[in-house]
Amino acid sequence: MNGIRKAWLRTRLATAMVVAMSVGATGVVVSGIAAGIQDATASTTTTETTTTATSTTESTTEAESTTEAETTESTSSSDTTAEDSSATTESATEASSESAESGAVSESTSSESDATSSGS
Amino acid sequence: MMRAAREWHLWSTTARLVVDREDALEDALEIAHRELARIDMVASRFRADSELNRIAARQASGVTVSGLLAVLIRRGVEAAQLTGGLVDPTLGRSMNGIGYDRDIRLVLGDDRPVRAVISSRPGWQSMQLRGRYLTVPGHLALDLGATAKAVAADLVAGEITRRLGCGVLLSLGGDIATAGPEPADGWHVTVQDAPGEPAGRVQVRAGAAVATSSTVRRRWLRGGEQMHHILDPRTGRPAAPVWRTVSVAASSCFLANSFATAAIIHGDAAPGWLARRAPARLVDQHGRVITVGGWPTESTADQDVPVEEVRHG
């Protein structure tokens, strides 16, 4: 193979590599954009859910912090309040799923009432 | 065991405590009075010496609050999360704008014009509570009135059970929490707007709760307009009175109250919104009763208005 042929082959090889790299890069970019669009779509449609989930997690964490803080204050009332905080946070999380609260009431067969709920 | 009950006046409404052991009533009352006084001292908007008012001037730069106030504020934020911001703990200025800036008994005689206060960004998303460190932008004022009474019912009922081991039902103006063992014949609660109006009676599972939000209570005239105390944060004005009352049952009084209040603000969309969340009973302005989410259907025997069960997919 003479020198000219070798030089031509090297040029073709270099060109092919550049083309291959460009195609690859474009593919990466395209797939990145596609993924970005998917992510964007997902985040658009689930913003509320994600926010709620994140916030709930933060609340739970904060509730634990409060538990520690109140335990440090070491009054029984504060401890109690702190425990309730965690419990209610869990309830709040559960309530976000559908029909989470079913079964809290049923038909009463009693002729007597312990209290009346009429708003205030 | 005989159950025993006591009623007293509290926060411009009526409190009622029922225990399933007669011998526990006096101790239970002592706990209730003490804990409710603590909550009032911490969260009242109407007393200058409450912690809520004492920290107001420093909340913009950040302030450490007591553990109890942190719990109450956190419940307010959770209520906002659960209701898409319809129950917002930062509506103090809006509430003042419609005239509810004092005890409701003092508001009734004041007829100055209404001022609607709306925040461009939901207030609850602008505040921050990390542990007990609170930051609230200066243009906002906390008002925990939408949730504090229900949270108080949960906390105090739970505290009585923990101390005395008895079954407890505590009603704070119709926000009803239960705790501890269930009485042999269960807890029974009547839901009714006013005497002579459609009534329903339900058995409440031990540990569960019922809360009612109303547009016919705590009403006053301001600037010639009829006001009530449930604000729509989107308008800064009282929610359109589509419903006279909404009653909700849930695993805590906090949840029941949050859902009931949000339902009032949802207006016509409330039955569908509630049906996916909790058993509920709604009464419209004509006295018609709608039940959703598994709330027991009511007998129409004593009523002259229709009662319907609505099912929402």
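Start with the exposed side of helix α1 in chain B. B:Glu26, B:Glu30, B:Arg34 and B:Ala37 are exposed there.

A word on the source. This is a predicted model: local features need pLDDT of at least 70, side-chain atom pairs count only at pLDDT 80 or more, and totals for chains, interfaces and linings use all residues. Residues are numbered from 1 along each chain as its sequence is written, while chains are lettered from A and ligands numbered from 1 in the order in which they are written.

Back to α1(B). Which of its residues are buried? They are B:Ala28, B:Ile31, B:Ala32, B:Glu35, B:Leu36, B:Ile39, B:Val42 and B:Ala43. Down the helix axis, these buried residues fall within an arc of 120°, so they line one face of α1(B). The arc is taken from the directions from the helix axis to the C-beta atoms. The helix covers residues 25-43, 19 residues in total. Its span from first C-alpha to last is 26 Å, close to the 27 Å expected at 1.5 Å a residue. That expected span is 1.5 Å times one less than the number of residues.

Now a sheet. In chain B, 3 strands form an open sheet, ordered β3-β5-β4, with antiparallel pairing. The edge strands are β3 (63-64) and β4 (128-130) of chain B, each pairing on one side only. β3(B) is joined by 2 bridges to β5(B), residues 133-135. Pairing requires at least two DSSP bridges between strands. B:Thr64 stands opposite B:Tyr133 in β5(B). Helices (H or I, at least four residues) and strands (E, at least two) are DSSP runs, numbered from the N terminus.

Next, B:Gly173. Where is B:Gly173 found? In the loop between β6 (168-172) and β7 (175-179) of chain B. B:Gly173 is buried, because 24 other C-beta atoms lie within 10 Å. Leaving out residues up to four places away in sequence, B:Gly173 touches A:Ser120, B:Trp11, B:Thr13, B:Thr14 and B:Lys149. Touching means C-beta atoms, placed from the backbone, within 7 Å. B:Val202 is 29 residues from B:Gly173 in sequence, and 18 Å away in space, C-alpha to C-alpha.

Last, chain A. Chain A has 3 helices and 2 strands, in the pattern α-α-α-β-β along the sequence. Of its 120 residues, 20% are buried.

Conventions. Buried ≥ 20, exposed ≤ 12 C-beta atoms within 10 Å, placed from the backbone. Contact = placed C-beta atoms within 7 Å.
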